[in-house]
Amino acid sequence: MFDTEELSKLDSDYFNIIVADDEDVTIQSKNTGHYWYLHCTGYPTESACVIFHKHKHSHPYHQHGRAHTLRQAVQSIKRHDKYQLKVRKRA
């Protein structure tokens, strides 16, 4: 389960926080507009989560990866954003 301390560290300057509870977090990156759904599986550790991603609100989610903690999931999202912004700049 995501604990209150982890949830309080979600950066509202970086993300639009749509839902944040002990099992599910839905956020939107203000940098790319992409949506992220993080689900705490509770297995094999209490804070393990699956990361789902979509580019637009109307699109379906697809699995992006897994993380051991909410913090690691957020770091993965920020790396993805950095890559996306770099690719967009080239285009």
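Q: Which residue stands opposite Ile51 in E5?
A: In this predicted model, strand E4 covers residues 49-54 and strand E5 covers 62-67. These two strands, E4 and E5, pair in the antiparallel sense over five bridges. Within E5, the residue that stands opposite Ile51 is Gly65.

Q: How many disulfides does the structure hold, given the place of Cys40 and Cys49?
A: For Cys40 the nearest cysteine sulfur is that of Cys49, 6.9 Å away, whereas a disulfide requires the two sulfur atoms to be within 2.5 Å. Cys40 is therefore in no disulfide, and Cys49, whose nearest cysteine sulfur is that of Cys40, is likewise in no disulfide.

Q: What kind of aromatic pair do Tyr37 and Phe52 form?
A: The structure holds three aromatic pairs, and in the one formed by Tyr37 and Phe52 the rings lie 5.7 Å centre to centre with 25° between the planes. Tyr37 lies in strand E3 and Phe52 in strand E4, so the pair ties together parts that are 15 residues apart in sequence. As planes under 30 degrees apart count as stacked, the pair of Tyr37 and Phe52 is stacked.

Q: Which residues form one aromatic cluster?
A: Besides its pair with Phe52, Tyr37 pairs with Tyr61, the ring centres being 5.9 Å apart and the planes at 50°, so this pair is tilted. The pair with Tyr61 links distant parts of the chain, 24 residues apart, since Tyr61 is in the loop between E4 and strand E5. Tyr61 is partly exposed, with a relative accessible area of 32%, and Tyr37 is partly exposed at 23%. The residues of the one aromatic cluster are Tyr37, Phe52 and Tyr61.

Q: At what distance from the ring centre does Lys54 lie over the face of Tyr61?
A: The charged end of Lys54 sits over the ring of Tyr35, 5.7 Å from its centre. Lys54 also lies over the face of Tyr61, where the distance from the ring centre is 4.5 Å.

Q: Which element gives the most residues to the largest nonpolar core?
A: The largest nonpolar core has 17 residues, and those with the most contacts inside it are Phe2, Val25, Ile27, Leu38 and Leu70. The elements that give two or more residues to this core are strand E2 (24-29), E3, E4 and helix H2 (70-90). Leu38 is in contact with residues including Phe2, Val25, Ile27, Ile51, Leu70, Ala73 and Ile77. The element that gives the most to this core, with four residues, is H2.

Q: Is Thr26 buried or exposed?
A: Thr26 has its place in strand E2. Not counting residues up to four places away in sequence, Thr26 touches Asn16, Ile17, Ile18, Val19, Trp36, Tyr37 and Tyr61, and among these Tyr37 and Tyr61 belong to the aromatic cluster. With a relative accessible area of 15%, Thr26 is buried.

Q: What distance separates the C-alpha atoms of Thr45 and His55?
A: Thr45 lies in the loop between E3 and E4 and is partly exposed, with a relative accessible area of 37%. Thr45 and His55 are ten residues apart along the chain, and the distance that separates their C-alpha atoms is 29 Å.

Conventions
Residues numbered from 1 in each chain as written. Predicted model: local features only at pLDDT ≥ 70, side-chain atom pairs only at ≥ 80, totals over all residues. Heavy atoms only, no water. Phe/Tyr/Trp six-rings, centres within 6.5 Å; stacked < 30°, edge-to-face > 60°. Buried < 20%, exposed > 50% of the residue type's maximum accessible area, 1.4 Å probe, protein only. Lys NZ or Arg CZ within 6 Å of the ring centre and 35° of its normal. Core = buried A, V, L, I, M, F, W, Y, C linked by side-chain atoms within 4.5 Å. Contact = heavy atoms within 4.5 Å. Pairing = 2+ DSSP bridges.
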